[in-house]
Amino acid sequence: MALSSLSRFLVSRNLGRTADVKVSLWLSSKCGISTSGPDLATDARSTSFKRFADYTIFKGKAAMALSPILPTFREVNSSKYCKRGCVMMTFWPAIATKKYDWNRKQVFALSPTEAGNLISLGPEESCEFFHDPSKNSSLEGQVNKSLKLSPTGNDQGYFLNLMVTNKIKGTNERFSVPVTKAEFAVIRTILTYILPHILGWSQSAISQLPQTASNLHKQGFGTRPDPALEWEM
């Protein structure tokens with residue numbers, strides 16, 4: 001009798017775990033929400049697993065998500081190299097009411113300075129950024145991205161518009177996401193918090209940025225005006 005009760009208990013627990021796994025996978029793939037806890041066996045400084053949830057805004061014509069990309073450090077022949085971090089903005093087009101094409105995404109990597117522009121943006125001010133992910137390469141000018149924020153009026157929020165022109169594919173995609181005053185307040189708070197992290201200052205005790213002009217040149221900082229663009233390639 002006791003064995004029978006134990007068997008039913010184990011089966012019910014396994015079924016519950018299966019449901020939890022399905023929910024976790026759905027949240028991770030569709031909402032950008034990490035439901036997994038930290039691996040205690042993993043180095044606490046590791047960035048190999050996700051410890052955050054993306055901030056996603058769903059609107060009638062498109063959806064937009066914000067997520068941080070931390071800098072990466074490596075050392076070659078006693079020289080330290082850094083790939084700077086950024087705040088990745090991901091856009092998806094709407095295909096129906098509350099339905100989005102998750103395979104047709106476009107990304108725009110905000111540099112620290114561009115993030116600062118958004119943080120300091122006034123209620124009646126607008127700003128626009130232009131990116132060429134292949135700048136200073138043989139494919140320069142083939143893909144152009146434009147991100148523009150303009151006020152909706154009456155201090156109610158902003159229009160967030162992304163335009164991506166791809167001459168190779170012959171496409172011209174546009175994404176428009178109206179952002180309310182409250183939503184932009186969340187975006188501003190996120191950017192203010194994450195800036196020191198994408199600059200690598202939070203990792204200063206682990207790795208230091210190169211200080212010499214020769215090392216900065218080796219990183220490509222002299223030839224690429226904005227290293228954050230590498231994340232869009």
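Gln-106 counts as buried, at 16% relative accessibility. Buried here means under 20% relative accessible area, exposed over 50%, and partly exposed in between, with a 1.4 Å probe and protein chains only. The model is predicted, so local features need pLDDT of at least 70 and side-chain atom pairs count only at pLDDT 80 or more, while totals for chains, interfaces and linings use all residues. Residues are numbered from 1 along each chain as its sequence is written, and side-chain values use heavy atoms, with hydrogens and water left out.

Gln-106 lies in strand S7 (residues 106–110). Strands (E, at least two residues) and helices (H or I, at least four) are DSSP runs, numbered from the N terminus. The side chain of Gln-106 makes a polar contact with the side chain of Glu-173, at 2.7 Å. A polar contact is a pair of N or O atoms within 3.5 Å; within protein, one must be able to donate a hydrogen and the other to accept it, and residues adjacent in sequence count only if both atoms are side-chain atoms. Leaving aside neighbours within four places in sequence, Gln-106 is also in contact (heavy atoms within 4.5 Å) with residues including Met-89, Thr-90, Phe-91, Lys-145, Leu-162, Val-164 and Phe-175.

The protein has 233 residues, of which 33% count as buried. Its secondary structure comes to 4 helices and 11 strands. Among contacts between residues at least 6 apart in sequence, 50% join residues at least 24 apart. The accessible surface is about 14,200 Å², and 57% of this belongs to carbon and sulfur atoms. These areas come from the Shrake-Rupley method with a 1.4 Å probe; for residues, only the protein chains shown count as cover.

An open sheet is formed by 4 strands in the order S8-S9-S10-S11, with antiparallel pairing. Two strands pair if DSSP finds at least two bridges between them. Strand S8 (127–131) and strand S11 (171–180) stand at the edges with a single partner strand each, so one side of each is left without a neighbour in the sheet. From one strand to the next, the twist averages 10°. Angles run from 0 to 180 degrees between N-to-C directions, and axes are lines fitted to C-alpha atoms, for helices over the stretch in contact.

S8 pairs with strand S9 (residues 143–151) over 5 bridges, in the antiparallel sense. Across this pairing, Phe-130 has Ser-146 of S9 as its bridge partner. Phe-129 is bridged to Leu-147 in S9, and Glu-128 stands opposite Lys-148. Side chains in a regular strand alternate between the two faces of the sheet. In S8, Cys-127, Phe-129 and His-131 make up the covered face, whereas Glu-128 and Phe-130 make up the uncovered one. S9 and S10 run antiparallel and are joined by 9 bridges. Leu-149 has Leu-160 in S10 as its bridge partner. The two strands form a hairpin with 5 residues between them. Gly-153, in the turn, has a positive phi of about 105°.

Helix H3 (residues 181–198) lies across S9, strand S10 (157–166) and S11. H3 runs at about 100° to S11.

Ser-120 is placed in the loop between H2 and S8. With a relative accessible area of 53%, Ser-120 is exposed. The side chain of Ser-120 reaches the backbone oxygen of Gly-116 at 3.0 Å. A polar atom of that side chain also lies 3.3 Å from the backbone oxygen of Asn-117. Not counting residues up to four places away in sequence, Ser-120 touches Glu-125 and Arg-188. Ser-120 and Arg-188 are 68 residues apart along the chain, yet their C-alpha atoms are separated by 8.5 Å.

The structure holds 0 disulfides, a disulfide being a pair of cysteine sulfur atoms within 2.5 Å. Cys-86 is buried, with a relative accessible area of 0%. Cys-127 also counts as buried, at 13% relative accessibility.
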